[in-house]
Amino acid sequence: MPSIKNKISYYYDSEVGTSYYAPNHPMKPHRLSMTHSLVLAYRLHENLDVFRPRKATTSELAQFHAEDYVDFLSKITPNTQHEYLTQMQRFNLGEDCPIFDGLFDFCKIYSGGSIEGAVRINHGTSDIAINWSGGLHHAKKSEASGFCYINDIVLATLELLKYHARVLYIDIDIHHGDGVEEAFYLTDRVMTVSFHKFGDLFFPGTGDLGDIGMNNGKYYSVNVPLHDGMDDQNFIDIFKSTMQKVMEVFQPGAIILQCGADSLAADRLGCFNLTLQGHASCVAFMKSFNIPLLVLGGGGYIKSNVARCWANETATLLGRTLDENIPEHEFYYEYYSDASYQLKVQQKNPIENLNSCSYLQDIKTCILNNLSQLEVAPSVQMHELPPEAFIPELDDSALNEDELSRNIIKNMAVNEMESRDRE
Ligand SMILES: [Zn+2]
């Protein structure tokens with residue numbers, strides 16, 4: 001394929017990497033600092049426009065979320081939460097979604113990155129935008145869920161819908177992308193496609209094959225429910241056949257790809273057998289359509305593997321192949337001793353693949369049949385574009401080398417905190 005030079009923007013703020021959910025909580029934002037360091041160590045930033053995202057405003061968050069929920073998130077602190085037990089329960093805050101210092105800023109930054117990425121795609125200033133801190137797909141309108149508070153994906157989709165008649169959302173996290181599906185379940189302007197483990201009460205419990213959307217949205221929600229032990233070959237096969245058909249019938253103007261890394265082998269919460277290459281094949285395949293692409297993070301609970309995965313997929317988007325030996329770099333190099341400093345996922349005990357050929361063939365047939373109901377891309381009456389007045393001007397200056405390294409150094413404090421709390 002001829003190499004097409006894409007303009008790729010990349011969003012990172014060290015403040016998200018220093019956020020800390022709670023002792024022994026599986027979600028460790030520190031993995032974002034490690035990812036960024038690895039991106040720099042492989043010198044990928046030289047071909048990216050690197051931005052520190054602005055913080056999303058409260059009114060931007062309320063484009064999807066209920067105002068009382070956003071208001072509560074903006075005010076609650078670890079010290080005051082005990083006075084608000086009723087609201088804590090109502091908004092599903094507490095154990096899985098704890099209140100921690102800087103929580104609201106954390107939400108505003110990761111959401112800001114996704115919204116800004118969408119704006120740059122809308123304006124044609126980027127072909128691809130990457131925000132590894134985004135992709136928090138479980139958050140609901142008035143409720144936190146599964147380590148997610150604000151649904152940056154829904155917010156970015158709403159932004160893309162200002163310019164694009166149809167937006168495609170794809171989710172390869174091991175968990176069902178329930179928050180995004182629910183938000184767009186009734187519309188034909190957003191198609192959501194989620195590949196996930198389903199059954200055995202696996203979180204969040206939704207995403208069955210028969211959940212296909214309703215009303216105008218019928219056939220615009222696609223669910224690919226999988227069992228334990230999916231390997232590269234099985235996953236890539238069902239991913240490509242599904243997405244090829246989706247692209248034919250839906251013809252999106254823009255795509256959001258959530259790259260949750262908990263679908264990799266050996267994940268602390270996951271149960272698939274994907275390698276870094278298998279996971280990245282999905283990214284490469286979607287890039288090959290040359291449609292504007294917003295790439296987001298998501299789950300991923302072995303920090304070193306998350307960093308490997310997302311640095312490798314940053315390279316994939318740049319059309320580069322990385323050296324198998326992780327380059328020595330400051331601060332986090334030791335974390336990669338778990339696989340002899342190699343760019344691979346070390347899997348000691350592979351999980352048995354419980355997806356039989358006939359099961360996979362059956363769900364594939366069912367999904368392709370459903371998609372055949374949409375042979376012609378729906379025509380959408382585009383309304384006059386809504387005003388963008390509430391969105392401040394983008395700071396268009398990419399970070400220079402000095403600023404990039406300062407961004408890392410600030411992470412030293414959390415490093416110490418995390419080393420007490422290793423996986
Ligand atoms: Zn997940």
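The points below are grouped by topic and refer to a predicted model.

**The annotated position**
- An unreviewed UniProt entry lists His138 under "active site".
- His138 sits in the loop that runs between strand E3 (128-131) and helix H7 (152-161).
- His138 counts as buried because 28 other C-beta atoms lie within 10 Å, where the cut-off for a buried residue is 20 or more.
- Apart from neighbours within four places in sequence, the contacts of His138 are Ser145, Gly146, Cys148, Asp178, Gly179 and Pro204.

**The nonpolar core**
- The largest nonpolar core has 115 residues, and Tyr169 and Val295 touch the most other members.
- Helix H6 (residues 103-122) supplies the largest share of this core, with 10 residues.
- Val295 is in contact with Ile128, Ile130, Leu257, Cys259, Val283 and Leu317, if neighbours within four places in sequence are left aside.

**Helices H10 and H11**
- Helix H10 (residues 276-287) and helix H11 (residues 303-318) have axes that come within 9 Å and cross at roughly 35 degrees.
- This crossing of H10 and H11 is right-handed.
- On the H10 side the contact involves Leu276, His279, Ala280, Val283, Ala284 and Lys287; on the H11 side it involves Arg308, Cys309, Asn312, Glu313, Thr316 and Leu317.
- By type, the residues of the H10 and H11 contact are six nonpolar, three polar and three charged.
- Val283 of H10 and Leu317 of H11 take part in this helix contact, and both are also among the contacts of Val295.

Key:
Residues numbered from 1 in each chain as written. Predicted model: local features only at pLDDT ≥ 70, side-chain atom pairs only at ≥ 80, totals over all residues. Axes fitted to C-alpha atoms, helices over the stretch in contact; angles between N-to-C directions. Helix = DSSP H or I, 4+ residues; strand = E, 2+ residues; numbered from the N terminus. Left-handed = near helix turned anticlockwise from the far one by under 90°. Contact = placed C-beta atoms within 7 Å. Nonpolar A, V, L, I, M, F, W, Y, C, P; charged D, E, K, R; others polar. UniProt positions renumbered as here; feature names shortened; annotations may be inferred. Buried ≥ 20, exposed ≤ 12 C-beta atoms within 10 Å, placed from the backbone. Core = buried A, V, L, I, M, F, W, Y, C linked by C-beta atoms within 7 Å.
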